[in-house]
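Dear colleague,

I am passing on the structure we spoke about, and below it you will find a short account of what was found. Please look through the structure before you read on.

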Amino acid sequence: SSAASDVYKRQSSQKSKAENFITKFAKYYTPIVVCIALALAIIPSIITKEWSVWIYRALSFLVVSCPCALVISIPLSFFAGIGASSRYGILIKGSNYLEKLNKANIFVFDKTGTLTKGNFVVTKITPIERKEEIISLAAIAEQNSNHPIAKSIVRNAKNVETKKVENYEEITGKGIKYNIDEKTVLVGNSSLVGKEDEIAESTKIYLKIDEELVGAILLKDEAKHGTKEAIQALNSRGIVTKMFTGDNKKAAKQIAEELGISEFEAEMLPDQKYSELEKELEKYKGTNGKVAFVGDGINDAPVLALSDIGIAMGGLGSDAAIEAADIVIMTDEPSKVNKAIKISKKTMRIVKQNIIFAISIKALVLILSAVGITTMWEAVFADVGVSVIAVLNAFRILK
C-alpha cells in the first residue's frame, strides 16, 4: 500500500549509506551466487561425471557465499554507535546522521542558550533616576515572551501593568512597539531605536518613548561550563566553527574571541540565519563535507531542519527545535558534540573493518571452495565464524 511505502521510504532515509549499500548489495549478490553454485554443481558434473564431488563443492561455495556477516554486523555497528551515544545523553535519530557526523566540516552555533547559559542578569539600568519607569515599561513589552532576555527583564520588574496597553506589535529581530497612556513605546535593540551600541561585554535593551530615547537596560550572559574547551577540540580537528547571533557586533566579537570561534555573524534575524546557512551548504555542495548547526530556540527549528546535521540542546530547548533536529543533546552541554563526533568516527572505523574483513575472507574461501581446496568446515567458518567475529567487533563501540 502507499502508506506502507511511505513508512519504508522514511525508514530508508534514516539508514546510513553503508547500510543501504549492503541492502542493495545483498539483493543482487544473493541470486547471483545461487546461480553460480548451480552452475558449479551441474556443468562440471556433466563433463567429468563426478556428481558427488562437484555438488559438495557447490554446497561449500553456497555456504561461504551467504552475506550474513555483512547484513548483520553493519546495521549492528550503527545500533551500537547510537546506543553508546545514548549513554552520554546524546540521542541520534538515525544511523545516517551518525555517518554524516563523521564528515562534518563546519559547525555553526547559535549563541544564547547554546554556547551561553541563556540566564541573563540585569547588571545596570541607565539613567538610574528613571530605573523603575524603564524596567516597568520594558517588562510590559516582554511579559509574553519566552526569550531568556525577556524573562530576565520581567523578573526584575516589581509590577507589570497591562490594562492600558494598545496596538501591541512585535517587530521581528528588533523588539516590541506598543501604546500606553497615549504614548508610543519602543523596547528593543539598537536597530529598533536607531542607536549604535558602545559596550561589547553586555547585551543592551533600549527604551524609547515617542521620539525620546529614555534609557537602557544592560544584561550579561555567561558561557556554559566547558564550552571553550569544546570549541578548541573542534578547532583541533580542523573543523571550522562559526556563531550566529542576534546580538550586536561588539558583544558577538567579544564572546567569539573568548571561546575561540573562527567566524561569527551578528545582528541576525531568524530568516537571515536560514539564508546564511544556505550559503554554507552551497560551499560544500558536491563534496563529502557536511554542515552541522547547533541550536536550541524555536527560531532555530528551520535552520536545524535545513542543515546536513541539526543538533538541538534538549534539556531547555524548545519542542520545535528538538523535533526538527537530527541529534539531541539532553544535557545541554556543548562538550557532548565532541563526544558524538568521537563515537561517530569509531563507529565508521569499525564498519569499514567489518566490510573489508568479511568480503576479503569470503572472496578467498569462495575461490578455494570452487577449486576444491577447502572443506565444509572452512566454509562454515567463512560464514558463521566471520559473522560472529564481525558482531564481536561491532560490540567494541559500546566500550
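**What was found**

Phe107 stands opposite Ala292 in S11. Please bear in mind that this is a predicted model.

That pair belongs to two strands that run parallel, strand S2 (residues 104–110) and strand S11 (residues 290–295), which are joined by five bridges. Both are part of an open sheet of seven strands with mixed pairing, in the order S1-S13-S12-S11-S2-S9-S10, and its edge strands, S1 (90–92) and S10 (263–265), each pair on one side only. On average, neighbouring strands of this sheet are turned by 20° against each other, direction ignored.

Phe107 is also among the residues that touch the most other members of the largest nonpolar core, which has 41 residues, the others being Leu101, Ile311 and Ile327; helix H15 (residues 335–370) gives the most to this core, with seven residues. Leaving aside residues up to four places away in sequence, Ile327 touches several residues, including Ile90, Leu91, Ile92 and Leu101.

There is also an open sheet of six strands with antiparallel pairing, in the order S3-S8-S7-S6-S5-S4. Strand S3 (121–126) and strand S4 (166–171) stand at its edges with a single partner strand each, so one side of each is left without a neighbour in the sheet. S3 is joined to strand S8 (residues 212–220) by five bridges, the two running antiparallel, and Thr126 stands opposite Ala216 in S8. Helix H8 (residues 148–156) lies across S3, strand S7 (203–209) and S8, and runs at about 105° to S8.

With kind regards

Key. Residues numbered from 1 in each chain as written. Predicted model: local features only at pLDDT ≥ 70, side-chain atom pairs only at ≥ 80, totals over all residues. Heavy atoms only, no water. Pairing = 2+ DSSP bridges. Helix = DSSP H or I, 4+ residues; strand = E, 2+ residues; numbered from the N terminus. Axes fitted to C-alpha atoms, helices over the stretch in contact; angles between N-to-C directions. Core = buried A, V, L, I, M, F, W, Y, C linked by side-chain atoms within 4.5 Å. Buried < 20%, exposed > 50% of the residue type's maximum accessible area, 1.4 Å probe, protein only. Contact = heavy atoms within 4.5 Å.
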